Amino acid sequence: MKPLQPSLSDMIELYLDLISPPCRAVFLFAKALGIPFEFKYVDLNAGQQYSSEFGKLNIVVKIPVMKDGGFTLSESTAILKYLVQKYSGSVADHWFPHANLRGHCQKVFLLRVRTLFPVIMGLEVPEVTMDAALENMKQSLNLLEEKFLQNKQFILGDKISVADVVAVVEIMQVPQLLSLLLFVFLD
């Protein structure tokens, strides 16, 4: 696909930290479709999202954030939909095939395993909680395969969509989380 060429005044700004799955989804989607943007790094580990400067951009102090001229938008699925609509002449319909895609994307968020966050923060997690988290992760991956993919290559049909991008950034977390678990429990 040929990259889109807007003027510099039309350049979208994306405020991202690629440690965040929703940020990675927006980043990967824009890159995959050749949507030009200016990458604005917001270091979550340093707490840059809480700076007064960032607070002027997004009062809920969360990323991703997209700024298009005077228009600012947050929340990854809304940004993805906006990009599809803005570049509708260059983006194939299969990327955002119907209005209910947001629901499908949210179903994919089942892959998040919130009970593992204490491990990431270096807090002690009871073994029973960890066992439950690992079982939850296994069930979520099985659900994705059995209920959403159902022997198809893609979640919503025979072509890639935004739902697949959202799912892949969540799945990317699994090996990292498992490595972290092994490190914590073998240490």
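**Backbone exceptions and nonpolar cores**

Asn151 occupies the loop between helix H6 (127–149) and helix H7 (162–171); helices (H or I, at least four residues) and strands (E, at least two) are DSSP runs numbered from the N terminus. The model is predicted, so local features need pLDDT of at least 70 and side-chain atom pairs count only at pLDDT 80 or more, while totals for chains, interfaces and linings use all residues. Residues are numbered from 1 along each chain as its sequence is written, and side-chain values use heavy atoms, with hydrogens and water left out.

Most residues other than glycine have a negative phi, and most peptide bonds are trans. Asn151, although not a glycine, has a positive phi of about 65°. With 84% relative accessibility, Asn151 counts as exposed (over 50%; buried is under 20% and partly exposed in between, with a 1.4 Å probe and protein chains only). Glu75 also has a positive phi, of about 85°, and is found in the loop between strand S4 (71–74) and helix H3 (76–86). Its relative accessibility of 31% makes Glu75 partly exposed. The peptide bond from Ile63 to Pro64 is cis, with omega near 10°, and Pro64 lies in the loop between helix H2 (52–57) and strand S3 (65–68).

A nonpolar core is a set of buried Ala, Val, Leu, Ile, Met, Phe, Trp, Tyr and Cys residues joined through side-chain atoms within 4.5 Å. The largest has 32 residues, of which Leu14, Phe29 and Leu83 touch the most other members. Helix H1 (21–32) gives the most to this core, with six residues. A second, separate core of six residues includes Phe148 and Ile155.
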